[in-house]
Amino acid sequence: MTQTTLTEVHQGIVDRLKDAFTGITVETYSPTTDFAAKAPALLVELNSFPLAKDAGDYRYPADCCFTIHCVTKKDQPLVELWEMAASVAQLIYSNGFWVSGGVMERPHTLKAHADKPRYQDQVDYESRVVSWRQTIYLGEPKPVKEGIVVKEAYLGYAPGRETPPIESYMRMRDGELPDF
């Protein structure tokens with residue numbers, strides 16, 4: 001398995017958008033972009049990547065927040081801009097795996113909304129953004145030498161083989177011993 005990088009995932013998003021939206025400029029977002037000159041355009045941005053839930057294989061689980069800026073010229077009807085944003089959202093929702101190899105989870109928290117206040121000085125364009133979160137596992141996994149390392153387990157006591165109530169289970173974490 002090869003190491004996954006943010007650059008590889010970002011380029012995978014750009015490539016997929018280019019394939020799906022011919023005739024529209026698709027490139028990496030830059031805050032110095034002249035949006036009106038690029039329109040119509042889809043500009044891809046990675047906003048943040050805080051730590052996500054650990055998979056237990058020593059890769060960095062990045063909970064990436066991606067944004068695609070959908071840009072049209074000011075004279076276009078707003079419904080066309082919303083249609084562009086909806087098409088982008090549908091692509092992400094239905095096919096949001098940008099690289100192969102089991103290194104990412106399904107996109108979640110998908111939304112489309114207005115986002116023009118950041119660039120008040122540019123007046124010849126309209127934009128909407130489509131944003132979502134997606135966990136990407138960065139780096140090379142390290143194999144566990146002896147079986148699976150369990151980070152957390154729940155232990156229940158059932159002397160008569162009945163299923164005990166969920167509130168009676170004890171939670172055990174890696175390195176802890178239960179107190180029976």
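What follows is a short chat about the predicted model shown above.

Student: What sort of model is it, and how are residues numbered?
Tutor: It is a predicted model, where local features need pLDDT of at least 70, side-chain atom pairs count only at pLDDT 80 or more, and totals for chains, interfaces and linings use all residues. Residues are numbered from 1 along each chain as its sequence is written, and side-chain values use heavy atoms, with hydrogens and water left out.

Student: How many helices and strands does the protein chain have?
Tutor: There are 3 helices and 7 strands. These are DSSP runs, numbered from the N terminus: helices are H or I with at least four residues, strands are E with at least two. From the N terminus on, the order is α-β-α-β-β-α-β-β-β-β.

Student: What share of the residues is buried?
Tutor: Of the 180 residues, 37% count as buried. Buried means under 20% relative accessible area, exposed means over 50%, and partly exposed is in between (1.4 Å probe, protein chains only).

Student: Which elements do the buried residues of H1 pack against?
Tutor: They pack against strands E1 (25-28), E2 (41-48), E3 (60-73) and E5 (125-138), plus helix H3 (78-95). The buried residues of H1 are Val9, His10, Gly12, Ile13, Val14 and Leu17.

Student: And the span of helix H1, what should it be?
Tutor: At 1.5 Å a residue, the 15 residues of H1 (residues 6-20) should span 21 Å, and the end C-alpha atoms are 21 Å apart, which agrees. The expected span is 1.5 Å times one less than the number of residues.

Student: Now the core. How many residues are in the largest one?
Tutor: The largest nonpolar core has 28 residues. Those with the most contacts inside it are Val9, Ile13, Leu17, Leu42, Ile68, Cys70 and Val88. H1, E2, E3, H3 and E5 each supply at least two residues of this core. H3 gives the largest share, 7 residues. Apart from it lies another core, of 8 residues, among them Tyr29, Ala39, Leu43 and Val71. A nonpolar core here is a set of buried Ala, Val, Leu, Ile, Met, Phe, Trp, Tyr and Cys residues joined through side-chain atoms within 4.5 Å.

Student: What does leucine 42 touch?
Tutor: Not counting residues up to four places away in sequence, its partners include Leu17, Phe21, Ile68, Cys70, Met84 and Val88. Contact means heavy atoms within 4.5 Å.

Student: Switching to charges. How many salt bridges are there?
Tutor: A search of the whole structure finds 5. A salt bridge is a side-chain nitrogen of Lys or Arg within 4 Å of a carboxyl oxygen of Asp or Glu. Aspartate 63 pairs with arginine 133, the closest N and O atoms being 3.1 Å apart. That pair links distant parts of the chain: aspartate 63 is in strand E3, arginine 133 in strand E5, 70 residues apart.

Student: Is aspartate 63 buried or exposed?
Tutor: Buried, with a relative accessible area of 15%. Arginine 133 is partly exposed at 22%.

Student: Which residues are linked in a network of salt bridges?
Tutor: Lys74, Glu126 and Arg128. Glutamate 126 meets lysine 74 at 2.8 Å, N to O. Glutamate 126 lies in strand E5 and lysine 74 in the loop between E3 and H3, so the pair ties together parts that are 52 residues apart in sequence. Arginine 128 also bridges to glutamate 126, with the closest N and O atoms 3.6 Å apart. Arginine 128 is buried, with a relative accessible area of 9%.

Student: What does tryptophan 82 contact?
Tutor: Leaving aside neighbours within four places in sequence, it contacts Ala112, His113, Ala114 and Arg128. Tryptophan 82 lies in helix H3 and is partly exposed, with a relative accessible area of 37%.

Student: Where is tyrosine 58, then?
Tutor: In the loop between E2 and E3. Tyrosine 58 has a positive phi of about 75 degrees although it is not a glycine. Tyrosine 58 counts as exposed, at 54% relative accessibility.
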